[in-house]
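I opened the model and worked through it sheet by sheet, then chain by chain. My entries follow.

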Amino acid sequence: MPDAIKNKNIANIGDNYAEKYGFHNPEEYFHKGARGLNHEVVEMISQMKKEPEWMRKFRHESLDIFLAKPMPKWGNTKILNSIPFDDIFYYIKPIDKQGTSWDDVPAYIKNTFDKLGIPEAEKKFLAGVSAQYESEVVYHSFKKDLEDQGVIFKDMDSGLRDHGELVQKHFATVIPNTDNKFAALNSAVWSGGSFIYVPPGIDVKIPLQAYFRINAENMGQFERTLIIADKGSRVHYIEGCTAPVFTTDSLHSAVVELIAEDGAYIRYTTIQNWAHNILNLVTKRAMAKTNATVEWVDGNIGSRLTMKYPCIYLVGEGAKGEILSIAFAGSGQHQDAGAKVIHAAPNTSSRITSKSISKAGGRASYRGLVKVYPNAQKSKVSVECDALLIDDASRSDTYPTMEIDADDVRIEHEARVSKVAEEQLFYLTSRGLSEDEARLLIVNGFIEPFTKELPMEYAVELNRLIELEMEGSVG
Amino acid sequence: MSKKTLLSLNDIHVTVAGKEVVKGISLDVNEGEIHAIMGPNGSGKSSLAQALAGHPSYEITGGSAKINGQDLLEMDATERSLAGLFLGFQYPQAIPGVTVANFLRAAIKARHGEESDELRSFRKNIKAKFDVLSVDPGFAGRYLNDGFSGGEKKRLEILQMMVLNPAVAILDETDSGLDIDALKVVAHGINEYFEEGKGILLVTHYQRMLNYIKPHQVHVMIHGKFVRSGGPELALQLEDQGYDWLNGKSEQTEQVGV
């Protein structure tokens, strides 16, 4: 990245989340349902969206599954068991109609996305933008030349309405509603998210972006994303998210399904910067067919608790998967992040790189699964977990699981926990850097393998976020 | 007009892990002077260097020190650097993921600020200094000291000194681990930096560096004290005779002039 830009951002000391992202708009909504979850709420959502019968049934069935399934007995069980499901708003429709121009969007919502820099980014370097506010996508744009090539990029609700058969064929095939309690919850009350289809051989050269914003207190946001890259096509999708700072928790529980057909390439980049009162419980999974490649680039900076383990099923010969994740756990945060790869075909390869930073009592956990089925001979697996502790109060745990049932495979696994060394700090301070500047430089270096994979503007943004989190770190 | 004193040490004592390793060192480095501190391993010369730069584990327990007339001991490592002191490390630290260019830029910014000419003309200045040190331009994009050879690390130390342009540079065993060609290059860099108004304190075990950098004074340090000070000829005498005649006992672990 150009150094001038990187440096410019290191100068922005003094910002903070509350000012920059944590503002809250009045809640003047087209529709705000009641608190709590039951079949009436599910029915209301489906009715308001005028959905086909199969989806209506799917939602009700999913709610039953959610209610029947016990809470997971792993991860942060204390927080999981205290989620006040009855206090949450499951569906808020902020405005009646989605805009295709920012002028169509109410000023207070436009201002929100202006402050977050979305319209600016759209002008500069995106092929399409989807902006979700509470439960619905309020703004959507997409470049016409891509549309003319048959590429579909819509919010999930419009996708279901306009491309019903395609959606029905793939929806919940990668993550069934029985997968886990929160996938069932999302399946019951999902709203918004993105639907993307890239026809065979089409290369979407510039990224598509979705931005998710929660505004209301005690909100539950349940977007649903399905991306299908047909044979030999390529696409890069980026998502970002923020919310106001409240004292009570809000819930974000997304389901994201990716399908990479033969020879296709999907990269899915996330910069998660939720306020520290958001519980972020997300299921993300990809299916990679013959010679397809899927990459999850997953950055977790915000939230009170994140439990998220992007997964790739390598189901076709020669398929490749890469998961690159970073987690920053500051005071009061628990980032329980990780990765899963299932090798179910020969000659498949995967690489997991996980980096976590814990500061001021924050806790970062790596939870990973690599499974190699007996038929997945000549597969390659590489797992690297690096944890950096900024101080003695912070915590890092690693829960790696490897189930290797094929005998002709190559496995590499490395795990390291390190502390910011006094000698490194002295070296940098002896060059005139303050201790905070020195620590920030060390942390930025630590996550460089991640930031260098991001488009420049996002790398800048990420470095800035890290800087905000590092501010006033203990000396 | 008398020369200005850049670094003034008066009866400095240093303790590491509860043990006193420097036991009363006094020294003035004036403008335009190069001083060499020589001594066998364990004599306390590197500890003195670390303590002066402000390493938190090296505690200065007695004496006083001034840099450019300011009280050195009141400052932390950052402030000492900004006041014009530089330490060329014997063992420079690796910072993975941070490029040499970004590190140098951060250091210049810390010194001169965001809007400074120094920061604006950074690229051009660095390039000129790379040339002096016969460093490949690709060096700027490598991670700081990460996987560097011994010679590369020492060149980078000298490069930093040239970029930061301190009033006084303490160079701790800059010659160790260098072959003769690398030594010449590094010495060339040091001589480029050195001019009227600058001071250098060379800490070294061997005389060979002094073939390329002429000290005005040589101090022999043994067991935490200067046991003798003299002109450049003292270094040559040490090369011939070792430290035994000053020490009173033989030094078995080191061979001079290897």
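**Entry 1: the mixed sheet of chain B**

I began with an open sheet of 6 strands in chain B, with mixed pairing and the order β6-β9-β10-β3-β11-β12. Its edges are β6 (85-88) and β12 (225-230) of chain B; each has a single partner strand, so one side of each is left without a neighbour in the sheet. Direction ignored, neighbouring strands of this sheet are turned by 20° against each other on average.

Some ground rules before going on. I am reading a predicted model: local features need pLDDT of at least 70, side-chain atom pairs count only at pLDDT 80 or more, and totals for chains, interfaces and linings use all residues. Residues are numbered from 1 along each chain as its sequence is written, while chains are lettered from A and ligands numbered from 1 in the order in which they are written.

For elements I use DSSP runs, numbered from the N terminus: helices are H or I with at least four residues, strands are E with at least two. Two strands pair if DSSP finds at least two bridges between them.

Next I looked inside the sheet. Strand β3 (residues 33-38) and strand β10 (residues 199-204) of chain B run parallel and are joined by 6 bridges. Glu33(B) has Gly199(B) in β10(B) as its bridge partner.

Helix α6 (residues 150-164) of chain B touches β6 and β9 (168-172) of chain B, and its direction makes about 165° with that of β6(B). Helix α8 (residues 233-241) of chain B touches β3, β11 (217-222) and β12 of chain B, at about 45° to the direction of β11(B). Axes here are lines fitted to C-alpha atoms, for helices over the stretch in contact, and angles run from 0 to 180 degrees between N-to-C directions. Contact means that the C-beta atoms of two residues, placed from the backbone, lie within 7 Å.

**Entry 2: the antiparallel sheet of chain B**

I then found an open sheet of 4 strands in chain B, ordered β2-β1-β4-β5 with antiparallel pairing. Here β2 (19-30) and β5 (70-71) of chain B are the edge strands, each pairing on one side only. Strand β1 (residues 5-16) of chain B pairs with β2(B) over 9 bridges, in the antiparallel sense. Val14(B) stands opposite Val22(B) in β2(B).

**Entry 3: chain A overall**

I counted 15 helices and 24 strands in chain A. Its radius of gyration is 22 Å, close to the 23 Å that the globule rule gives for 475 residues, so chain A is as compact as a globular protein of that length. That radius is taken over C-alpha atoms, and the rule is 2.2 Å times the number of residues to the power 0.38. The C-alpha trace of chain A spans about 65 × 60 × 45 Å along its principal axes.

Of its 475 residues, 54% count as buried. The cut-offs: buried if 20 or more other C-beta atoms, placed from the backbone, lie within 10 Å of a residue's own, exposed if 12 or fewer, partly exposed in between.

**Entry 4: domains of chain A**

Which segments make up the domains of chain A? The domain assignment gives domain 1 (1-25 + 425-475) and domain 2 (26-424); such bounds come from an automatic or database assignment. Their C-alpha centres lie 25 Å apart. The contact takes 30 residues from domain 1 and 34 residues from domain 2. On the side of domain 1 that touches domain 2, α15(A) gives the most, with 7 residues. That side divides into 21 nonpolar, 4 polar and 5 charged residues. I count Ala, Val, Leu, Ile, Met, Phe, Trp, Tyr, Cys and Pro as nonpolar, Asp, Glu, Lys and Arg as charged, and the others, Gly among them, as polar.

**Entry 5: chain A against chain B**

I moved to the contact between the chains, which takes 23 residues from chain A and 28 residues from chain B. On the side of chain A, the elements giving two or more residues are α1 (3-10), α12 (422-429), α13 (435-446) and α14 (448-451). By class, that side has 8 nonpolar, 8 polar and 7 charged residues.

**Entry 6: single residues**

I checked Lys50(A), whose phi is positive, near 50°. Lys50(A) lies in the loop between α3 (39-48) and α4 (53-68) of chain A. Ile312(A) sits in strand β17 (residues 311-314) of chain A and is buried, with 31 other C-beta atoms within 10 Å.
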